[in-house]
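Hi everyone, thanks for making time. I'd like to walk you through one structure, starting with some charged pairs and ending with a pair of helices.

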Amino acid sequence: DEIALDVRGRTEQRIRETLLHEVLHAISSRYLTNEDSLEERQCKAIASGLFDVWQSNPDIAEFITGEK
């Protein structure tokens, strides 16, 4: 599967948030059954929360990815 984003007129931060949101949808559809899959509002909340945590705490993102 492929994720395509329309980035025209969007800020870099908005593009990152949208990409994370779409990745969550992809994970949900691959690893969860249809009845257990994440709803739109859940993907939005998780993506916003993760983005905020990683942006506010770059050490967490570095630790998770193993990169500096």
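Let me begin with a term: a residue counts as buried under 20% relative accessible area, as exposed over 50%, and as partly exposed in between. With that, E39 is partly exposed, because its relative accessible area is 42%. Please keep in mind that this is a predicted model.

E39 has a partner, R41, and the two form a salt bridge whose closest N and O atoms are 3.2 Å apart. R41 is exposed, at 59%.

How many salt bridges does the count come to? Four. Another of them joins R8 to D6, with N and O 2.8 Å apart at the closest. Here R8 is exposed, with a relative accessible area of 69%, while D6 is partly exposed at 41%.

Then there is E12 with R16, a salt bridge at 2.3 Å from N to O. These residues sit four apart in helix α1, so about one helical turn separates them. E12 is exposed at 53%, and R16 is partly exposed at 45%.

R16 also brings us to the helix pair, as it is among the α1 residues that meet α2. Helix α1 covers residues 12–31 and helix α2 residues 40–56; their axes come within 9 Å and cross at roughly 130 degrees. That angle makes α1 oblique to α2, and the crossing is right-handed.

Who meets whom? From α1, the list includes L20, H21 and L24, and from α2 it includes I46, L50, F51 and W54. The contact's residues divide into eight nonpolar, four polar and four charged.

Notes
Residues are numbered from 1 along each chain as its sequence is written. This is a predicted model: local features need pLDDT of at least 70, side-chain atom pairs count only at pLDDT 80 or more; totals for chains, interfaces and linings use all residues. Side-chain values use heavy atoms; hydrogens and water are left out. Axes are lines fitted to C-alpha atoms, for helices over the stretch in contact, and angles run from 0 to 180 degrees between N-to-C directions. Helices (H or I, at least four residues) and strands (E, at least two) are DSSP runs, numbered from the N terminus. Angles under 35 degrees count as roughly parallel, over 145 as roughly antiparallel, 65 to 115 as roughly perpendicular and the rest as oblique. A crossing is left-handed if the near helix is turned anticlockwise from the far one by less than a right angle, and right-handed if clockwise. Contact means heavy atoms within 4.5 Å. Ala, Val, Leu, Ile, Met, Phe, Trp, Tyr, Cys and Pro count as nonpolar, Asp, Glu, Lys and Arg as charged, and the others, Gly among them, as polar. A salt bridge is a side-chain nitrogen of Lys or Arg within 4 Å of a carboxyl oxygen of Asp or Glu. Buried means under 20% relative accessible area, exposed over 50%, partly exposed in between (1.4 Å probe, protein chains only).
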